[in-house]
Amino acid sequence: MPMPVVHADVLIVGGGPVGLALALALGAHELSVVVVEKADPEAQLAPHYDGRASAIASASARMLRALGLAGLLDGFGCPIRSIEVAEGLHPDVLHFAAHDDEPLGIMVENRDLRAALLAAVRSSPAVRLCAPATLRRLDRHAARVEAELDDGTQIAAGVVVAADGRRSALREAAGIRIARWRYPTTALVSIVGHARPHGHVALELFYPSGPLAMLPLNDQADGGHRSAVVWSVPQAMAPGLLKLGARGLAVELRRHLGGRLGRVELAAPVSAWPLGFHHAERYHDRRLILVGDAAHGIHPIAGQGLNLGFRDAAALTQVLVEGVRAGLDPGDPAIARRYEAWRRADNSLTAFATDALARLFGISLRPIARVRRLGLGLVERLPPAKRLFASIARGTAGDLPALLKGELV
Ligand SMILES: Cc1cc2nc3c(=O)[nH]c(=O)nc-3n(C[C@H](O)[C@H](O)[C@H](O)COP(=O)(O)OP(=O)(O)OC[C@H]3O[C@@H](n4cnc5c(N)ncnc54)[C@H](O)[C@@H]3O)c2cc1C
């Protein structure tokens, strides 16, 4: 006997941080949502699944608070009160500080972020999470979207959102092309313990081999200090560094930090992430909308990738909620067009700026290094330029959707 059809306003494929945040936001506005995630959520919470941590910019943090995740940010997050950018250990430092109570961003381990989003989604009456589950069929008809899951569940929805990450199968099936390139760089990511406190400072140190970012994490229960490390190195160098093992890598890190954090030791396995850029030529097709890494992927140099995805989720929530309130069908192309018009400029600008930064700081020639130092010094002495960079880091620049101001629509 065929299974009864589950009806929803929105079907989201992909229960990563962006898909789950979007589901929560839509549910908070009484839109009904089904999320299909192929991985087992419990497996996604295992320590080895994703040992990264993310910098949640302050605008994204406002959205998470509005969606009921204050406990995650206050309980597990470590506020970034200032950012220091320097050319290696050169004494000229570009320094951004939070001048009010709101930090520049909050560092959260991805595992904690996933756990909090999952718990919130599970307790949202408007959201049904199907996981682990895969799509056996997805038909985007003129009048609605119909899907069938591998367990036979039938779903009918007004629109399907692809939140299925950088290799989005939905994007490919729709024939949406992407501009893409690979950086000749690998990011080595881990968590380190260190003897001296970080003082809530995020460090971005540019070396000829690539940038080294140290991002503050909460102290351990026993008072031990910790930071997340994202070390971008040339692809050819990565295997050699990995071969050094935990002790050798810790020595290298300490040397690159000039002893600033004292003795350093690895507190988690090191994972290696090949880095690339991609941007979809368009964000929608018939009854299909792309969000997060399905639409764009950028260099992690400025820790903005996930934040762009959260901004997509906030803008899409607003256009869907306002569209449905005005009597439109969620799959109306006018909603998708408004979403793309709102998000493309910010995504393109951030993608372009991070790409330019990654390339500029990837050049090891001495004269270029001198120009970079001059540039850092210039921004340091120009308060309006500093304010602009700080507002970009916070995600508070431009025309913000309500959720990024901490309000529901
Ligand atoms: C080294 C590194 C460091 C980074 N640091 C930061 C940072 O500090 N701050 C920041 O903002 N960003 C950072 N980023 C970027 C950030 O990790 C990504 O932008 C973010 O994970 C994208 O979230 P997403 O939900 O769009 O996609 P994903 O996290 O990729 O989630 C996609 C989900 O879809 C599921 N899925 C895939 N296909 C299907 C299918 N067919 N059916 C059902 N489910 C499916 C997957 O299982 C997955 O759960 C970093 C990236 C890297 C590589």
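Two strands are taken as paired if DSSP finds at least two bridges between them. In this predicted model, strand 5 (residues 82-87) and strand 6 (residues 93-97) run antiparallel and are joined by 5 bridges. Within this pairing, valine 85 has leucine 94 of strand 6 as its bridge partner. The hairpin formed by strand 5 and strand 6 has 5 residues between the strands, and glycine 88 adopts a positive phi near 55° there.

Strand 5 also pairs with strand 13 (residues 201-207), here in the parallel sense and over 6 bridges. Alanine 202 in strand 13 is the bridge partner of isoleucine 83. In a regular strand, side chains alternate between the two faces of the sheet. In strand 5, the covered face carries Ile83, Val85 and Glu87, while Ser82, Glu84 and Ala86 belong to the uncovered face.

Helix 1 (residues 17-28) packs against helix 9 (residues 305-325) at an angle of about 25°, and their axes are 9 Å apart. Because angles under 35 degrees count as roughly parallel, helix 1 is described as roughly parallel to helix 9. The crossing of helix 1 past helix 9 is right-handed. From helix 1, the contact involves Pro17, Val18, Ala21, Leu22, Ala25 and Leu26; these meet Leu306, Gly309, Phe310, Asp312, Ala313, Ala314, Leu316, Thr317 and Leu320 of helix 9. By class, the contact between helix 1 and helix 9 comprises 12 nonpolar, 2 polar and 1 charged residues.

Methods:
Residues numbered from 1 in each chain as written. Predicted model: local features only at pLDDT ≥ 70, side-chain atom pairs only at ≥ 80, totals over all residues. Buried ≥ 20, exposed ≤ 12 C-beta atoms within 10 Å, placed from the backbone. Helix = DSSP H or I, 4+ residues; strand = E, 2+ residues; numbered from the N terminus. Axes fitted to C-alpha atoms, helices over the stretch in contact; angles between N-to-C directions. Parallel < 35°, antiparallel > 145°, perpendicular 65-115°, else oblique. Left-handed = near helix turned anticlockwise from the far one by under 90°. Contact = placed C-beta atoms within 7 Å. Nonpolar A, V, L, I, M, F, W, Y, C, P; charged D, E, K, R; others polar.
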